[in-house]
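This report covers a two-chain model.

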Amino acid sequence: MADTFNRVKELIVEHLDVKPEEVTLEAGIKDDLGADSLDVVDLILNLEQEFDLDQIEEEDSEKIVTVGDIVTYIEKQKQEQK
Amino acid sequence: MSHRVVITGMGVITPIGNDVTTFWENLVNGKSGVGYVTQFDTTDYSVKIAAEVKDFDPKDFMDRKEARRMDRYTQFAIAASKMAIEDASLKMDEVDATRVGVYIGSGIGGLGTFEQQHKTLLEKGPRRVSPFTIPMMIANMASGQVSIMSGAKGPNSSAISACATGTHSIGDAFKIIQRGDADAMIAGGAEATILPMGFAGFGNAHALSTRNDDPQGASRPFDKERNGFVMGEGAGIVILESLEHAKARGANIVAEVVGYGMTGDAYHITHPDPQGDGGTRCMLAAINDAGLDPTEIDYINAHGTSTEINDKFETMAVKKTFGDHAYRLAISSNKSMIGHLLGAAGGVEAIATALTIRDGVIPPTINYEFPDPDCDLDYVPNEARKAKVRAAISNSLGFGGHNATLALRAFEQ
């Protein structure tokens, strides 16, 4: 979980040009970290690649609002892949 | 009512300087910006030289996140526009921003973005292609991004006419102000195609110089030994303003834009009209639009690409346009030093033309060694020349047979 969060954090810092301390589990990707709709898609594509995930369905990606939502989603996928 | 239009600000990113002062000093001193390509491995390419922009850090002009979602050509446009706006002391909150427009084109657009994402598409599949691909690639995005950066909410569009793009953009913007549709325009061109596809495409069209053993001697417009253009990159952006608007805010006036002509060759996709007809009509159109007599033109900032046919037919067109006066006026090609900036060429060269008028110094055509009987005019060989320039024209001729000419004049009340 901590490892997943750190990797997600690194990716967000890189893609959204925000400070690492701004990336908390509660931070809203759009509201707090300044992402627009294209940033969110870009982030999701990069998460899929980074974590070797199956394509994230649109209805799932729409539920991703906070950094914590991303971490939870990835953890759940990893469980299912096992 | 027709408005007079003046240039009140300038910004450049070029192979010989990333600000107007450095660029102009190097241009007057005959400094070449050509060298071996550093942006990609040219091992398999017949051409290994280009005029690259050096020491450009987009972060000097925008934050990292913005830079990441812009192609290099748009980064150049943003940088040059910021410098031009600052040079003009144009403060968007002190003017009517809905009356300030943007007209910036690119001959090709985000070729680097396309190359990169197409590679991703082929190697990793469609799912991995960045959602920023299209907004980064499209050739109008410099105009879009500059309006977002500056807050200019007036007329916003872009010309796309290959190597004539920059001149068309400034000419079209000039007309927008002249007819009263805007008070000021941020206008010019930007390009960044020193890339594998740019080199393979232009190289196989035999447009590029293969003088790989002598990079700085490769761009030699009007010289008998010329054998192609040297690709450059960068951006040239001017602030155009109605004279009333410029005066009302006490702006510094560099020169007046007085005429604009554009024609089509209706001949061939890459080869210029061998009678020089399109170029001739274009220059005459600009001079007539300016209400000038051809004998009042003291200087031509030539398209002068250093290809065998451009320089020959451009010379022919100059003679047809000016008659005996063709032998009295001065002509030079900035491309001898900065290479061919394609869609940005007209932007940078309009700035050089304005500075020529302002300072009374004509930049040279460097690498001029061997006279060509087809090119027998005064090309200001190798050394800059002090001369009073009352009025000047700047030519751009593009693939597709697009011709564009701007006429500039020293500003007088």
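## Annotated positions

A:Ser37 lies in helix α2 of chain A; helices (H or I, at least four residues) and strands (E, at least two) are DSSP runs, numbered from the N terminus. An unreviewed UniProt entry places the feature "modified residue: O-(pantetheine 4'-phosphoryl)serine" at A:Ser37. UniProt positions are given here in the numbering of this model, with feature names shortened, and annotations may be inferred rather than shown by experiment.

Over residues 2-410 of chain B the chain is 33% helix and 19% strand, with the end C-alpha atoms 19 Å apart.

## Basis of the values

The model is predicted: local features need pLDDT of at least 70, side-chain atom pairs count only at pLDDT 80 or more, and totals for chains, interfaces and linings use all residues. Residues are numbered from 1 along each chain as its sequence is written, chains are lettered from A and ligands numbered from 1 in the order in which they are written, and side-chain values use heavy atoms, with hydrogens and water left out.

## Interface of chain A and chain B

The contact (heavy atoms within 4.5 Å) takes 18 residues from chain A and 13 residues from chain B. Together the two chains bury about 1,400 Å², of which 39% is on carbon and sulfur atoms; buried area is the accessible area (1.4 Å probe) that two parts lose on being put together, summed over both. Of the area that chain A buries against chain B, A:Asp17, A:Leu38 and A:Leu45 supply 36%, more than any other three residues.

Nine salt bridges cross the interface of chain A and chain B, each a side-chain nitrogen of Lys or Arg within 4 Å of a carboxyl oxygen of Asp or Glu. A:Asp17 forms a salt bridge with B:Arg64, the closest N and O atoms being 3.0 Å apart. On the side of chain A that touches chain B, α1 (2-16) and α2 (37-50) of chain A each supply at least two residues.

## Domains of chain B

Chain B is divided into domain 1 (5-248) and domain 2 (261-409), with bounds from an automatic or database domain assignment. Their centres, taken over C-alpha atoms, are 20 Å apart. In contact are 65 residues of domain 1 of chain B and 61 residues of domain 2 of chain B. The two domains bury about 4,600 Å² between them, 69% of it on carbon and sulfur atoms. In domain 1 of chain B, the residues that lose the most area to domain 2 are B:Trp24, B:Phe222 and B:Arg226, together 19% of what that side buries.

Four salt bridges are found across this domain interface. The side chains of B:Arg220 and B:Glu369 meet in a salt bridge at 2.7 Å, N to O. On the side of domain 1 of chain B that touches domain 2, the elements giving two or more residues include β1 (5-13), α1 (20-28) and α7 (165-178) of chain B. The largest share of that side, nine residues, comes from α7(B).
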